[in-house]
Structures are given as structure tokens and as C-alpha cells.
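The sequence and structure are shown first.

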Amino acid sequence: MSDLMQYKGYSGSYHLDDEEGIFFGKVEHIKALLSYEATSAKKLHQAFVEAIDDYLLMCEQEGIEPEKPFKGSFNVRVGPELHKESALIANNLGVSLNQFIRDTLKSVCERQSRRRHV
């Protein structure tokens, strides 16, 4: 999915149910289920904003830390051969495996971003 609404660092999906004549969506990239719906696109965006604001207010009132969509770390299962090859390349480049993976991901993401904007 490439089109998402954004608000306060959170991303929200949007879909249309033709049969019911409603728009609906949910906040993506967090475990908590925050969903919303409306009868127009404009109202859907407002429902998304309200869902985020309500969630943040509830977290504050209950003294809990709200989930962050992206924490900056994630686990990737690549298999032993790719793990080995990546570690050897990183070593030959004189960087850590973490730095090699970060640089590689950044390079691919930048290329993809340029392609989308051409």
C-alpha cells in the first residue's frame, strides 16, 4: 500500500466499501487496533485524526507509553548463507554488519524514492 494518511508520526490506511457506501481504515505499523470510518474522504481524514488524538489522550490518562510506529530496529531472517556473505562483505569493507545493512537499505530506499518522483 503506497497511499497512507499521515498525522503525528502515525500512518492510516483508507479503503472504500462500495456496497455500504463508507470509507474505512486503520492505523498501520502498530499493534494496537485503531480503526475509523466515515461517509466521505474528508470526514475519513478527520476520523483518522480523532482516532490518533483519542489514543494519545487515553495513553496519557492511563500513564502508558503510546506505541511508536517505527522504533528504528527490526529483526530480519535471511538464512545462514546470506548472513555469512553479508558479514564477509561488511568485514572486507571495514564496517560492522549493522552498518553494511543500514547503508544497503538506505541506498535501495533512495533509489526507489527517486523512481517514484520521476
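## Nonpolar core

A nonpolar core is here a set of buried Ala, Val, Leu, Ile, Met, Phe, Trp, Tyr and Cys residues joined through side-chain atoms within 4.5 Å. The structure examined is a predicted model. Its largest nonpolar core has 14 residues, and Tyr10, Val27, Leu34, Tyr36, Phe48 and Ile52 are those with the most contacts inside it. Two or more residues of this core come from each of strand 5 (35-38) and helix 1 (41-62). Helix 1 is the greatest contributor, giving seven residues. In soluble globular proteins, nonpolar side chains tend to be buried together.

Once neighbours within four places in sequence are set aside, the contacts of Tyr36 include Met5, Gly12, Phe23, Val27, Leu44, Phe48 and Ala51.

## Largest pocket

The largest pocket holds about 510 Å³ of space. It is lined by 17 residues, of which Phe74, Val76, Asn98, Ile101 and Leu105 are the closest to its centre. Helix 2 (80-93) and helix 3 (97-116) are the elements that give two or more residues to this lining. The largest share, six residues, is from helix 3.

By residue class, the lining of the largest pocket comprises nine nonpolar, six polar and two charged residues.

Apart from neighbours within four places in sequence, Ser86 is in contact with Leu97, Phe100 and Ile101.

Notes:
Residues are numbered from 1 along each chain as its sequence is written. This is a predicted model: local features need pLDDT of at least 70, side-chain atom pairs count only at pLDDT 80 or more; totals for chains, interfaces and linings use all residues. Side-chain values use heavy atoms; hydrogens and water are left out. On a 1 Å grid over the protein atoms alone, a cavity is a set of points where a 1.4 Å probe fits but cannot get out, and a pocket is an open set with protein on both sides within 12 Å along at least five of seven lines; lining residues have an atom within 4 Å of a point. Grid points are joined across faces, edges and corners, and a volume is the space filled by probe spheres set on the points. Helices (H or I, at least four residues) and strands (E, at least two) are DSSP runs, numbered from the N terminus. Ala, Val, Leu, Ile, Met, Phe, Trp, Tyr, Cys and Pro count as nonpolar, Asp, Glu, Lys and Arg as charged, and the others, Gly among them, as polar. Buried means under 20% relative accessible area, exposed over 50%, partly exposed in between (1.4 Å probe, protein chains only). Contact means heavy atoms within 4.5 Å.
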